[in-house]
Amino acid sequence: MKPTFEDRRQAGRRLAAQVILSDKQKENSIILALPRGGAPVGFEISQALNIPLEVLIVRKIGHPLRSELAVGATCEDEEPIWSDQILSRTGLEPDDLIHNVKKEKNKIRQQTETFREGRRLPSLTEKVIIVADDGLATGATMLAAVKYLKKKGVAKIIVAVPVGAGSSARQLRAKIDELIILEEREDLVSVGQWYDDFSQVSDQEVVELLKLNQKKNTNKIISDLKTPVDQVILDGDLTTI
């Protein structure tokens, strides 16, 4: 089978052509890429639409004996979500995975420092959020991201992925506003099989893409701005156009 996508960035450019937003929505939008593989995809969407790019740190929780099998996932400072189907099939309980959860939480803290370099996420309240990744297999990490975003009170959640498993796509559609997917496959074995180049994305590449976006994007977000108004301090983010 010939791969559908040359690499993640080419897949991101193809996805960008499918994202339809009004000018008002663009002004109120943020792209959140799931690192590391989602960063090149999100970067190309960001460049095409001139929308700010950030990363949302999500880690899958692997099976103790099969680390590639996601039995759950955890996002930023949220509690994990679990795949009841996989837990049932493997005979595991969440308490059996406490060590794995702690390990992934530590990696989230490390990646937050590496990728954001001390920056806080901008306020997500009432924002249109486009979540980008390089593919959707079990869907565990994306579902964890969606749960996190809903708690933040976002206005709209759009998920953009080049390829995904049909069962995961159906489950996700029921929980978000829009799913943009170029290849939805019932026979998906692995995400990587749909790419000619699916080489690992390094931490440094993610950092460089974020910095390049910050330089080129015309929407400059100043996070965690505190403005005194009539003896009241207003918290928020400032976006200059």
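Contact here means heavy atoms within 4.5 Å. By that rule, residues 24 or more positions apart account for 65% of the protein's contacts with a separation of 6 or more. You're looking at a predicted model, where local features need pLDDT of at least 70 and side-chain atom pairs count only at pLDDT 80 or more, while totals for chains, interfaces and linings use all residues. Residues are numbered from 1 along each chain as its sequence is written, and side-chain values use heavy atoms, with hydrogens and water left out.

**The whole chain**

Start in cartoon view. The protein has eight helices and ten strands; these are DSSP runs numbered from the N terminus, with helices being H or I of at least four residues and strands being E of at least two. Of its 241 residues, 48% count as buried, meaning under 20% relative accessible area, as against exposed at over 50% and partly exposed in between (1.4 Å probe, protein chains only).

Zoom in on L56. Leaving aside neighbours within four places in sequence, L56 is in contact with residues including L32, L34, C75, R116, Y148 and L149.

**Helix α7**

Next, pick out G166, S168, A169 and L172, the buried residues of α7. Look down the axis of α7: its buried residues fall within an arc of 160 degrees, so they line one face of the helix. The arc is taken from the directions from the helix axis to the C-beta atoms. Show α6, β7 and β8 too, as they are among what covers those buried residues.

L34 sits in the loop between β1 and α3. L34 counts as buried, because its relative accessibility is 4%. Try the distance tool from L34 to T141: the two are 107 residues apart along the chain, yet their C-alpha atoms are separated by 8.5 Å. Not counting residues up to four places away in sequence, L34 touches T141 and also V58, V131 and D133, among others. Then step along to the peptide bond from P35 to R36, which is cis, with omega near 5 degrees.

**Two helices side by side**

Select 38–49 and 203–216. The axes of these helices, α3 and α8, come within 10 Å and cross at roughly 10 degrees. Axes are lines fitted to C-alpha atoms, for helices over the stretch in contact, with angles from 0 to 180 degrees between N-to-C directions. That makes α3 roughly parallel to α8, a label for angles under 35 degrees. Residues making the contact include F43 and Q47 of α3, plus L209 and L212 of α8.

Finish with N50, in the loop between α3 and β2 (53–55). N50 has a positive phi of about 60 degrees although it isn't a glycine, and is partly exposed at 30% relative accessible area. E117, in the loop between α5 (98–116) and β6, isn't a glycine either and has a positive phi of about 50 degrees. E117 is partly exposed, at 43% relative accessibility.

Methods: Angles under 35 degrees count as roughly parallel, over 145 as roughly antiparallel, 65 to 115 as roughly perpendicular and the rest as oblique.
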